[in-house]
Amino acid sequence: MEQEKQPLRGQDIDAPQDVIELDGKRYPIRFDNTTFRVAEDVYELEYKRNLNFADIAAQLSAAKLGALMAIFYGALVAGGADMTWTEFSRAFKLTSIPGVRAKLAQGVADALPCAEAGEESAP
C-alpha cells in the first residue's frame with residue numbers, strides 16, 4: 001500500500017540560516033519567529049515604540065534603518081549569539097552584510113509559511 005504524499009508545510013521546514021559579519025567575526029543568523037519577537041522587543045525597549053511585526057515589516061519595505069537593525073539583531077539572537085543590543089548597534093554597519101537588502105527580503109520571505117492548497121491568503 002503506497003503512502004499518501006502530504007503537502008509540505010512551513011512548519012516542516014527549518015528556518016533559513018545565514019551569517020552576518022560584525023567586527024571581523026562571523027555569526028550565524030536565523031529568520032524565524034524568535035527573530036520577529038526580538039525585533040518587536042527592540043522597538044519597545046530601545047526605540048520606545050510599541051510596534052507589531054506587520055508594522056516593522058512596513059518600515060522594512062520603506063528601507064528604515066531601525067527596522068533593518070531590529071530584524072538583524074533578532075536573527076542574530078535567534079541564531080544563538082550572546083550579544084547585547086548595545087554591542088550589536090556599535091558593530092553593525094550596512095557593509096556587514098553583502099547584499100543586505102536582498103538577503104533580508106529573501107530571509108523574511110523564506111521564513112513565512114506558504115498558503116496551504118485551497119486556502120486564501122490573508123490581506
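Modeller: The protein has five helices and two strands, where helices (H or I, at least four residues) and strands (E, at least two) are DSSP runs numbered from the N terminus. From the N terminus on, these elements follow the order β-β-α-α-α-α-α. The model is predicted, so local features need pLDDT of at least 70 and side-chain atom pairs count only at pLDDT 80 or more, while totals for chains, interfaces and linings use all residues. Residues are numbered from 1 along each chain as its sequence is written, and side-chain values use heavy atoms, with hydrogens and water left out.

Of the 123 residues in the protein, 34% are buried; buried means under 20% relative accessible area, exposed over 50%, and partly exposed in between (1.4 Å probe, protein chains only).

At the start of H1, the backbone nitrogen of Thr34 lies within 3.0 Å of a side-chain oxygen of Asp32.

The buried residues of H1 are Thr35, Phe36, Val38, Ala39, Val42 and Tyr43. Viewed down the helix axis, these buried residues fall within an arc of 165°, so they line one face of H1; the arc is that of the directions from the helix axis to the C-beta atoms. An α-helix has 3.6 residues a turn, so residues three or four places apart point the same way. Exposed residues Asn33 and Leu45 are carried on the face of H1 turned away from its buried side.

Turning to the rings, those of Phe, Tyr and Trp (its six-membered ring) pair if their centres lie within 6.5 Å, with planes under 30 degrees apart counted as stacked, over 60 as edge-to-face and the rest as tilted. By this rule the count is nine aromatic pairs. Phe36 and Phe53 form a tilted pair, 4.1 Å centre to centre with 35° between the planes. This pair links distant parts of the chain, since Phe36 belongs to helix H1 and Phe53 to helix H2 (residues 53-61), 17 residues apart. Phe36 counts as buried at 9% relative accessibility, and Phe53 is buried with a relative accessible area of 16%.

Tyr43 of H1 is one of the residues that ring pairs link into a cluster, together with Phe31, Tyr47, Phe72, Tyr73, Trp85, Phe88 and Phe92.

Technical notes:
A polar contact is a pair of N or O atoms within 3.5 Å; within protein, one must be able to donate a hydrogen and the other to accept it, and residues adjacent in sequence count only if both atoms are side-chain atoms.
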